[in-house]
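Please go through the model below alongside these notes. They are set out as numbered points.

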Amino acid sequence: MESKSSNPISSLITLLVFLSIVGYFLAQANVVSGAALFMWIIGLFFFILLIGGLRIVDQFERGVVLTLGKYTSTRTPGLTWIFIGVQRMIKIDLRITTVDIPQQEVITKDNVPVGINAVVYFQVQNAEQAILSIKDYTLAVSQYAQAALRDVIGSIELDSLLSEREKNAEEIQKIVVQATGSWGILVTDIKIQDIELPADMKRIMAKQAESERERRAVIIKAEGEYAASERLAQAAGVLSNTPGGIAMRTLQTIEKINPDPSKTVIFALPVEFFEGIKTLAQYLKEKGK
């Protein structure tokens, strides 16, 4: 924001006095006649008014014009002209402005001290209101956002603060928007950047996270063993119902037991022996019923 404070009457008087002094010395030196000198002074005066009053308003700006201290108009982007000495222009940037909220020491609802910093994004929607309603809207937005941050964080617990950053930022933004709307300011977003916790609280939270991970590991391991036991039971049922299945599985197991692949294990017991044992066991089972 560009702001200039000047007395328009004194500016005009100063300009006229300067031109009169220059004309007086020229007349004393017989450089020009009185009539020509008068016309020269008048012409120079209007030339200075014309050139000195030219202003350029950029595309992202608006020019608020005050005439003798009273608001008269808002100039749009482009080349414009003001009556210097009588009017002055204050340029307002309409682009989104970023303001850092320095770290604030706040005590949460559950009495945990935390340090929080945030960023406020806002832009001017009404240039004349931003000039006429408040002295320094950038400082005002920053200070109001700090107060709102303290109010919101002080009313929630630590767990909610850590897990609901977006929700808390929206609450802060809602409070700031309600206050700054009458200033011609639109707060587009507020982001919580960092949350600083005490060292003791960090250690406690690390232990809690470690215990939680151990609990999950035990549950996952138990679920894996349960699933494996179900698969083993299904595999045993398939082998028992398949002729020669148990025998083949036994031979495979004996082969894997041997640590040296170059050695061969010979199992001399006939396979029919296992079939006979299986038949006998089935007979005894039926007889027992």
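1. Ile134 is found in the loop that runs between α3 (127–132) and α4. Helices (H or I, at least four residues) and strands (E, at least two) are DSSP runs, numbered from the N terminus. With a relative accessible area of 18%, Ile134 is buried; buried means under 20%, exposed over 50%, and partly exposed in between (1.4 Å probe, protein chains only). Leaving aside neighbours within four places in sequence, Ile134 is in contact with Gln129, Ala140 and Trp183, where contact means heavy atoms within 4.5 Å. Between Ile134 and Thr180 there are 10.0 Å in space, C-alpha to C-alpha, and the two are 46 residues apart in sequence.

2. A word on the basis of these notes: this is a predicted model, in which local features need pLDDT of at least 70 and side-chain atom pairs count only at pLDDT 80 or more, while totals for chains, interfaces and linings use all residues. Residues are numbered from 1 along each chain as its sequence is written, and side-chain values use heavy atoms, with hydrogens and water left out.

3. In what order do the three strands of the open sheet lie? The order is β6-β7-β8, with antiparallel pairing; two strands pair if DSSP finds at least two bridges between them. At the edges are β6 and β8 (185–196), each of which pairs on one side only. From one strand to the next, the twist averages 25 degrees. Axes here are lines fitted to C-alpha atoms, for helices over the stretch in contact, and angles run from 0 to 180 degrees between N-to-C directions.

4. The antiparallel strands β7 and β8 are joined by 10 bridges, and Val120 has Ile190 in β8 as its bridge partner. Helix α4 packs on the sheet and touches β6, β7 and β8, its direction making about 35 degrees with that of β6.

5. Nine bridges link β6 to β7, again an antiparallel pair. Ile101 has Ala118 in β7 as its bridge partner. The hairpin of β6 and β7 has five residues between the strands, and Asn111 there takes a positive phi near 65 degrees.

6. Gln104 belongs to strand β6 (residues 97–107) and is buried, at 6% relative accessibility. Its side chain is joined to that of Gln146 by a polar contact of 3.5 Å. A polar contact is a pair of N or O atoms within 3.5 Å; within protein, one must be able to donate a hydrogen and the other to accept it, and residues adjacent in sequence count only if both atoms are side-chain atoms. Not counting residues up to four places away in sequence, Gln104 touches Val114, Gly115, Ile116, Gln146, Leu149 and Arg150.

7. How many aromatic pairs does a search of the whole structure find? The search finds two. Rings of Phe, Tyr and Trp (its six-membered ring) pair if their centres lie within 6.5 Å; planes under 30 degrees apart count as stacked, over 60 as edge-to-face and the rest as tilted. Trp81 and Phe83 have ring centres 5.9 Å apart and planes at 75 degrees, so this pair is edge-to-face. Trp81 is partly exposed at 35% relative accessibility, and Phe83 is partly exposed at 32%.

8. Phe122 and Tyr137 also form an edge-to-face pair, 6.4 Å centre to centre with 85 degrees between the planes. Phe122 lies in strand β7 (residues 113–124) and Tyr137 in helix α4 (residues 137–153), so the pair ties together parts 15 residues apart in sequence. Phe122 is buried, with a relative accessible area of 0%, and Tyr137 is buried at 5%.
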